[in-house]
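Please keep the sequence and the 3D view at hand while reading.

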Amino acid sequence: MSTAKITPSAASFATSIKHLAGIQLPRRQSTIFTSNSTKFRAPRRGFTVSMAASIETPLEVCVKQSITTPNKLGDCPFTQRVLLTLEEKHLPYDMKFVDLSNKPDWFLKISPEGKVPLIKLDEKWVPDSDVISQALEEKFPKPPLTTPPEKASVGSKIFPKFVAFLKSKDSGDGTEQALLDELTAFNDYLKENGPFINGNEVSAADLSLGPKLYHLEIALGNYKNWSIPDSLSYMKSYMKSIFSRESFIHTRALKEDVIEGWRPKVMG
């Protein structure tokens, strides 16, 4: 079983510094990445935090393994949502890579449906990114990432419209316009309420939508030579802001994996 132990970076930590106390900087430490019998050391800037949410033992997370590069994170946007939540809450975690094309017995024992993401909380394996994100918010409330209920579904229709357009083989079936309508609605929302879904602060809704927009940008660019119109300037600024966050850079899939991950749906 391949694993990678992660300690959130100091840069990610700084994005929510106002929520934390007892900070001591800098101190050097190393994060160990383990893959079968090989260990890799990646130096990171360490930090000490005194807060209720701090934990010593990394949380175990089952994630999709890359299909293009050994021992790298795969292309699941739902898994990235969970990892983003862990990063933004400054929680250490231990990724357990799972080959979803050849699911090992140990994984099927804890996940009978064979799906990721999966996280171990209070000695129980918890599935589903929605459930996991809520559980993390309740167990580790600082810094808060909750999106108000009236804003929680903003942008939620973009992903299914993207998938329909990506899979479409008929340029006149209306799927492109349906996607553009959702993107335009989101752009208009950001213009009035942004820069993020809940205003000035990143929240759970952004951590859910961001990975899906990353897939949208890469997959449509590759398979349909399509990109979001420049006229949707608030939308494009939003994506740039999300994609450039330290937490996103640390948890994003390789571009090659996103392309290969969508190939069966495009070619099917």
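Does Ser247 count as buried or exposed? Ser247 counts as buried, because its relative accessibility is 2% and the cut-off for buried is under 20%. The model is a predicted one. Ser247 belongs to helix α9, which covers residues 246–251. The side chain of Ser247 makes a polar contact of 2.6 Å with the side chain of Glu88.

## The protein as a whole

The protein has 268 residues, and 47% of them count as buried. Its secondary structure consists of 10 helices and seven strands. Among contacts with a separation of 6 or more, 71% are between residues 24 or more positions apart.

## Backbone details in the loops

Most residues other than glycine have a negative phi, and most peptide bonds are trans. Several places in this model depart from that pattern, and they are described here.

The bond from Val116 to Pro117 is cis, with omega near 5 degrees. Pro117 sits in the loop between α3 (105–110) and β6 (118–121). The bond that joins Lys142 and Pro143 is also cis, and its omega is about -10 degrees. Pro143 is in the loop between α4 (129–139) and α5 (158–167).

The other two are residues with a positive phi. Asn71 is not a glycine, yet its phi is positive, at about 60 degrees. The loop that holds Asn71 runs between β4 (59–64) and α2 (77–88). His90 likewise has a positive phi, near 60 degrees, and is a residue other than glycine. His90 is in the loop between α2 and β5 (93–98).

His90, by contrast, is buried, with a relative accessible area of 6%.

## How helix α8 packs

Helix α8 (residues 233–243) packs against helix α6 (residues 175–193). It also packs against helix α7 (residues 204–223). The table lists the values for the two pairs.

| Helix pair | Angle | Distance between axes |
|---|---|---|
| α6 and α8 | about 80 degrees | 7 Å |
| α7 and α8 | about 105 degrees | 10 Å |

How are α6 and α8 oriented to each other? They are roughly perpendicular, because their angle of about 80 degrees falls in the range of 65 to 115 degrees that counts as such. On the α6 side, the contact is made by Leu183, Phe186, Asn187, Leu190 and Lys191. On the α8 side, Ser233, Tyr234, Met235 and Tyr238 take part. Sorted by class, the residues of this contact are six nonpolar, two polar and one charged.

The helices α7 and α8 are likewise roughly perpendicular to each other. From α7, the residues in contact are Asp206, Leu209, Gly210, Leu213, Tyr214 and Glu217. From α8, they are Met235, Tyr238, Met239, Ile242 and Phe243. The contact of α7 with α8 comprises eight nonpolar residues, one polar residue and two charged residues. Met235 and Tyr238 of α8 are therefore listed in the contact with α6 and in the contact with α7, given that contact means heavy atoms within 4.5 Å.

## Aromatic pairs

A pair of aromatic rings is described by the distance of the centres and the angle of the planes. The structure holds 11 aromatic pairs. One of them is formed by Phe159 and Phe162, whose ring centres are 5.7 Å apart. Their planes are at 50 degrees, so the pair is tilted. Both residues lie in helix α5, three residues apart, which is about one turn of the helix. Phe159 and Phe162 are both buried.

Another pair is that of Phe186 and Tyr238, with 5.1 Å from centre to centre and 80 degrees between the planes. This pair is edge-to-face. What does the pair of Phe186 and Tyr238 tie together? Phe186 lies in helix α6 and Tyr238 in helix α8, so the pair ties together parts that are 52 residues apart in sequence. Phe186 and Tyr238 are both buried.

Aromatic residues also group into a cluster in this model, made up of Phe78, Phe159, Phe162 and Trp262.

How values were computed: Residues are numbered from 1 along each chain as its sequence is written. This is a predicted model: local features need pLDDT of at least 70, side-chain atom pairs count only at pLDDT 80 or more; totals for chains, interfaces and linings use all residues. Side-chain values use heavy atoms; hydrogens and water are left out. Helices (H or I, at least four residues) and strands (E, at least two) are DSSP runs, numbered from the N terminus. Buried means under 20% relative accessible area, exposed over 50%, partly exposed in between (1.4 Å probe, protein chains only). A polar contact is a pair of N or O atoms within 3.5 Å; within protein, one must be able to donate a hydrogen and the other to accept it, and residues adjacent in sequence count only if both atoms are side-chain atoms. Axes are lines fitted to C-alpha atoms, for helices over the stretch in contact, and angles run from 0 to 180 degrees between N-to-C directions. Angles under 35 degrees count as roughly parallel, over 145 as roughly antiparallel, 65 to 115 as roughly perpendicular and the rest as oblique. Ala, Val, Leu, Ile, Met, Phe, Trp, Tyr, Cys and Pro count as nonpolar, Asp, Glu, Lys and Arg as charged, and the others, Gly among them, as polar. Rings of Phe, Tyr and Trp (its six-membered ring) pair if their centres lie within 6.5 Å; planes under 30 degrees apart count as stacked, over 60 as edge-to-face and the rest as tilted.
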